[in-house]
Each structure stands twice: as C-alpha cells, then as structure tokens.
Amino acid sequence: MSDTQKPAPEEVEAAMAAHAADELARLQGELAELKAKSSELADQYLRAKAEAENTRRRADEEVTKARKFGIESFAESLLPVCDSLDAALAIENATAEQLREGSDATLRQLLSALERNKVLAINPAAGARFDPHQHQAISMVPADQEANTVVGVLQKGYLIADRVLRPALVTVAAPR
C-alpha cells in the first residue's frame with residue numbers, strides 16, 4: 001500500500017475492532033484489579049471495626065471492674081484494724097492502761113492503712129497561713145499572731161490523692 005492509498009474500510013474496521021478489544025481487555029483487567037482492591041479494603045475495614053468494638057468493650061469491662069473492685073485494696077488494709085478492735089472488745093477485764101495501749105496501736109494501724117491508700121491528714125500547726133482550699137474557718141478569735149493564720153484545729157481534715165476529702169475545721173486569728 002502506498003502513502004496515497006487509503007486503507008480499505010474493512011481494514012479500518014478490523015483495526016478499530018482490534019483496538020476496542022485490546023481496550024476492553026485492559027479495562028476488564030483494571031476492573032478486576034479494582035474489585036480485588038475494594039474487597040481487600042472492605043475486609044480491612046471490617047476487621048478494624050471489629051477490633052475497635054472489641055477494644056471499646058474491653059475498656060468498658062475494665063471500667064466496670066475498677067468501679068466494682070476499686071476499694072478492694074483499701075478494704076483489705078482496714079481488716080487488721082477491725083481485727084484489733086475485735087480483739088480489744090474480747091478482753092473482758094481490760095485495764096485502762098491496756099485499753100489505752102490497744103487504742104494507740106489500733107489508731108497507728110488505721111493511720112497506716114489510710115496513708116497506704118493516699119489518705120493524708122490535714123492538721124495545720126498554730127500560726128500556719130489559713131488556706132480556704134484545705135481549711136474551714138469556724139471562728140475568728142483575738143490572738144497574738146498574724147491575722148488570717150490558724151490559731152487551733154478543732155477537727156483534722158483529710159486529703160485523698162491531693163483532693164480534699166474533708167477540710168480541717170480551724171479557728172483563725174482575727175485582725176487586730
């Protein structure tokens with residue numbers, strides 16, 4: 001065929017058909033590849049969703065257990081205190097001295113149990129600056145010390161892990 005000769009319509013049609021067949025085969029391959037990738041991504045999504053749901057469920061169970069058994073350690077540390085009180089009450093003819101010694105030992109056990117569980121006393125010394133976050137002023141009294149300082153403690157307060165459980169009840173020096 002020369003440059004001036006036009007291809008026969010059958011040849012053009014055959015070339016177009018071959019090109020269309022090649023293009024169709026390419027597109028079908030691409031479609032199959034995309035379907036496989038889509039299926040793989042859908043599977044990964046479902047697995048990730050299931051894993052997230054399992055993690056959420058396990059976290060909910062842990063929170064429930066923590067709420068239910070959170071004071072278990074605290075209760076266990078108080079059991080020796082109960083045992084000491086039971087033993088003291090079992091002594092029928094205890095002397096005042098025995099009762100005093102037993103009470104002191106039991107108080108030490110109780111304070112130790114509280115301390116192990118991060119419960120600490122708020123017991124400001126006389127002259128300490130009044131702290132409205134940890135102290136509750138019951139009254140202001142005339143005193144030979146700086147105003148707004150603690151004169152006396154009527155009742156100890158307590159902190160639990162740096163949070164006020166109960167403020168200390170105090171009297172405060174009045175301004176002169």
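Ala161 counts as exposed, at 55% relative accessibility, where exposed means over 50% relative accessible area, buried under 20% and partly exposed in between (1.4 Å probe, protein chains only). Ala161 lies in the loop between E4 and E5 and has a positive phi of about 50° although it is not a glycine. Asn148, also not a glycine, has a positive phi of about 65°. Its place is the loop between strand E2 (135-141) and strand E3 (150-155), and Asn148 is partly exposed at a relative accessible area of 39%.

The model is predicted: local features need pLDDT of at least 70 and side-chain atom pairs count only at pLDDT 80 or more, while totals for chains, interfaces and linings use all residues. Residues are numbered from 1 along each chain as its sequence is written, and side-chain values use heavy atoms, without hydrogens and water.

Strands E1, E4 and E5 form an open sheet in the order E1-E4-E5, with antiparallel pairing; strands (E, at least two residues) and helices (H or I, at least four) are DSSP runs numbered from the N terminus, and two strands pair if DSSP finds at least two bridges between them. Strand E1 (119-122) and strand E5 (163-166) are the edge strands, each pairing on one side only. Four bridges join E1 to strand E4 (residues 157-160), and Val119 stands opposite Ile160 in E4.

Helix H2 (residues 72-90) bends by about 25° at Leu78, with Pro80 following within four residues; the bend is the angle between axes fitted to the seven residues ending at a residue and the seven starting there.
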